[in-house]
Each structure stands twice: as structure tokens, then as C-alpha cells.
Amino acid sequence: MNVNPYPFMPELSMFLIIALLFVQAVGSERMRHKVGVWLPIASLLPIAVSLFSLGQEGLFFHGAYQIDPLSQF
């Protein structure tokens, strides 16, 4: 089975930011103050990834999840 991961990249990039925010939230007080540094930069990542994957199409999870231009708009 051939799987193209590019249509799924915007969701994965958002999951990565959510995971980093979770780790930062349960981390030390010093880590909590650093969110102002990396969060604005990290928020640009999903936008760039979404623009890169615009126009991609694919089916995931045995056809239960479809990515097409309508779902990306």
C-alpha cells in the first residue's frame, strides 16, 4: 500500500504544537516563561505546511478520512 503523507502534514504540525504546549504547561516555571519566544514562530509552521500541501488529495484510515481541495479550503 502506497501512502502519501503530504496531505496529512497540516494536522501533524498542529498536533506537534499542541504536544509542545502540553509539555510546556506541565513543565517547570522556567519553561512556562519561554512560550512567548517560541510560540509566535511555531504558529507559522502550520501555515507554511498548509500552503505546501494545498491541492494534495488522499484517503486515510481505510477511506474514512478524505483530504481534498474542499476540505483544505
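Which residues does Leu-59 touch, not counting residues up to four places away in sequence? They are Tyr-65 and Gln-66. This is a predicted model. The chain has 73 residues, with four helices and two strands. The points below go from the whole chain to single residues.

**Overall build**
- Along the sequence, the elements follow the order α-α-α-β-β-α.
- The radius of gyration of the chain is 15 Å, whereas a compact globule of 73 residues would have one near 11 Å.
- Along the principal axes, the C-alpha atoms fill a box of roughly 45 × 25 × 20 Å.

**Contacts and surface**
- Take the contacts in the chain with a separation of 6 or more: 54% of them join residues 24 or more positions apart.
- Buried residues make up 18% of the 73 in the chain.
- The chain has an accessible surface of about 5,800 Å².
- Carbon and sulfur atoms account for 72% of that surface.

**A nonpolar patch and Met-9**
- Four residues form a nonpolar patch on the surface: Tyr-6, Met-9, Leu-12 and Phe-52.
- Together, these residues have about 390 Å² of accessible area.
- Met-9, one of the patch residues, lies in helix H1, which covers residues 9–26.

**Leu-59 in strand E1**
- Leu-59 sits in strand E1, which covers residues 58–60.
- Leu-59 counts as exposed because its relative accessibility is 58%, and the cut-off for exposed is over 50%.
- Leu-59 still has contacts with Tyr-65 and Gln-66, leaving aside residues up to four places away in sequence.
- How far apart are the C-alpha atoms of Leu-59 and Leu-16? They are separated by 21 Å, and the two residues are 43 residues apart along the chain.

**Confidence**
- The chain has a mean pLDDT of 78.
- In the chain, 90% of residues reach a pLDDT of 70 or more.
- Confidence is highest in helix H1, at a mean of 83. Met-9 belongs to this helix.
- Confidence is lowest in helix H4, residues 69–72, at a mean of 69.

Note on methods. Residues numbered from 1 in each chain as written. Predicted model: local features only at pLDDT ≥ 70, side-chain atom pairs only at ≥ 80, totals over all residues. Heavy atoms only, no water. Rg over C-alpha atoms; globule rule 2.2 N^0.38 Å. Buried < 20%, exposed > 50% of the residue type's maximum accessible area, 1.4 Å probe, protein only. Contact = heavy atoms within 4.5 Å. Areas by Shrake-Rupley, 256 points an atom, 1.4 Å probe, with all protein chains shown as cover. Patch = residues over 30% accessible without salt bridge, like charges linked within 9 Å, V, L, I, M, F, W, Y side chains within 5 Å. Salt bridge = Lys/Arg side-chain N within 4 Å of Asp/Glu carboxyl O. pLDDT = per-residue confidence, 0-100.
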